[in-house]
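Trainee: I would like to go through this model step by step. Please start with the terms.

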Amino acid sequence: MVSEKVDKIPYPSFRRKSESRNYNRLENPWSPVFFALLRPQPSGSGPQFHRGDYFLRVRLLIFLAQGAGSVKNLLKELGFIQRKLEFYLWLTYYKFMKINTNTWNRIRYTVYQPFYDLVGRWFAKQRRRSIETLSLSPGAKVLLVGAGTGLDLEFLSQGLDVTATDITPAMIQKLASRAENLGLSVKALVMDGQALEYEPETFDAVILHLVLAIIPDPVRCIQEVERVLKKGGRAVIFDKFLPDNQRPSLIRRILNVFTNFAATNINRQLGPILRETSLKMVQEEKAGFSGFFKIVLVEKPA
Ligand SMILES: C[S@@+](CC[C@H](N)C(=O)[O-])C[C@H]1O[C@@H](n2cnc3c(N)ncnc32)[C@H](O)[C@@H]1O
C-alpha cells in the first residue's frame, strides 16, 4: 500500500528516471526546495501523503534555517572585516592627523602661497557677508587669526584698527604687501593662533576665516579668541563643518585622511568646539556647498 502511494507522488521528472525506490531523496540537498516548489499540493482528503513528506518539510525548514545561519555568519564576517578596516583606518588617520602641526602648516602654506589666491578668491561673496555680520563701527579693534594672504582686507573699511596674524611668514608677507596696495594700515604679524600674544579683552572683533578646520587645535584657538575678545565682543567664523548631529561616514573618514594631510579637516564639528568656551552663537548661515560651509557669528557674554 505504501509503495503505491509513493508512486502516485508526482516527482520532478529527473526523479522519475530513477527506477530505484530506495533512491535517497535527501542525497540532493536541493531536493526539499524542488519538492516544495515543484510538487503540487495534494488535493482531496485521501491519504496521499507519504510519511517522508513530513520529514522532507522538516528538512526544508532545517535547510532554510541553515541558509539563514550562513547569511548571519556572512554578515558577522563582514562586520569583523569592517571593524578591522576601521581599526587600520583609525591607525592611519591617527598618524596623518599627527602631521597637522604648526610646522606642517608653515611648510604647506609656504608652498601654496604663490597659488593660494586662485582658490581663496572663490569665497569673496562669503567673506563680504561674514564681515558684514560683525557690524564693525569706526575705530573698532579687529583681529584676523590665520589671515593668510589677506583676501579679507578689501572688505574691511578704512578707519578700523586691524591686526592680521598667521603662522606662515610667506602668507604674512603677501598680506602686508596687499595691505599696502589697498592703502590700509594693518599690523601684520607672524603668530600662532593657539597662543595669541595679547592681553585679555583686547579686541572688539575677531575674524576666523577658513582657519578653524585647519589649525591643529581648534579648541585652543577658539579659547584664545574668547580670551582676547572684550566682553560683548564678537567673532565671526567662516568655514566648513560637519553638522553636529552627523557621524562622518567611512568614505568621509577615508577622504579626510588625505584632505587633512593636504589642506583641511572635513570632519570637524563646530558645536563641540564652541561648547569649550562661553561664547554664544548669535547667528548661523549656510554659506555654500549645500550648507557644508557656514558663517557663524558668536558673542562673548558681557
Ligand atoms: C586656508 S588658509 C586661510 C587663510 C585666510 N584666512 C583666508 O580666508 O583666505 C589657512 C591659514 O591658516 C594658517 N594657519 C595654520 N595654522 C595656524 C596657526 N597655528 N596659527 C595661525 N595661523 C595658522 C595658515 O598659515 C594659512 O594661512
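Mentor: Two residues are in contact if their C-beta atoms, placed from the backbone, lie within 7 Å. The model is predicted: local features need pLDDT of at least 70, side-chain atom pairs count only at pLDDT 80 or more, and totals for chains, interfaces and linings use all residues. Residues are numbered from 1 along each chain as its sequence is written.

Trainee: Of the contacts in the chain with a separation of 6 or more, what share comes from residues 24 or more positions apart?

Mentor: The chain has 10 helices and seven strands, taken as DSSP runs numbered from the N terminus (helices H or I, at least four residues; strands E, at least two). Among contacts with a separation of 6 or more, residues 24 or more positions apart account for 71%.

Trainee: In what order do the strands of the open sheet lie?

Mentor: Strands pair if DSSP finds at least two bridges between them. The edge strands are found by pairing on one side only, and they are strand 3 and strand 6 (280–286). The open sheet has seven strands with mixed pairing, in the order 3-2-1-4-5-7-6.

Trainee: What is the average twist from one strand to the next?

Mentor: Angles here run from 0 to 180 degrees between N-to-C directions, with axes as lines fitted to C-alpha atoms, for helices over the stretch in contact. From one strand of the sheet to the next, the twist averages 15°.

Trainee: Why is strand 2 largely enclosed by the rest of the structure?

Mentor: Strand 2 runs parallel to strand 1 (residues 141–145), with five bridges, and K141 has D161 as its bridge partner. Strand 2 also runs parallel to strand 3 (residues 186–190), again with five bridges, and A164 is partnered by A188. A residue is buried if 20 or more other C-beta atoms lie within 10 Å of its own, exposed if 12 or fewer, and partly exposed in between. Strand 2 (residues 161–166) is largely enclosed because, of its six residues, the number buried is five.

Trainee: At about what angle does helix 7 run to strand 3?

Mentor: Strand 2, helix 7 (residues 169–182) and strand 3 form a right-handed β-α-β unit; right-handed means that, with the strands pointing away from the viewer, the path from the first strand over the helix to the second runs clockwise. Helix 7 lies across strand 2 and strand 3, and its angle to strand 3 is about 170°.

Trainee: Which residues of helix 7 meet helix 5?

Mentor: The axes of helix 5 and helix 7 come within 7 Å and cross at roughly 35°. From helix 5, the residues are Y109, T110 and Q113; in helix 7 they meet A170, M171 and K174.

Trainee: Which helix gives the largest share of the shell around the ligand?

Mentor: The shell has 20 residues, of which G146, G148, T168, G193 and H209 come nearest; a residue is near if its C-beta atom, placed from the backbone, lies within 6 Å. The largest share is four residues, and it comes from helix 5 (residues 102–120).

Trainee: Is N256 buried or exposed?

Mentor: N256 lies in helix 9 (residues 250–262). Leaving out residues up to four places away in sequence, N256 touches P248, N265, I266 and N267. N256 and N267 are 11 residues apart in sequence, and their C-alpha atoms are 7.0 Å apart. With 21 other C-beta atoms within 10 Å, N256 is buried.
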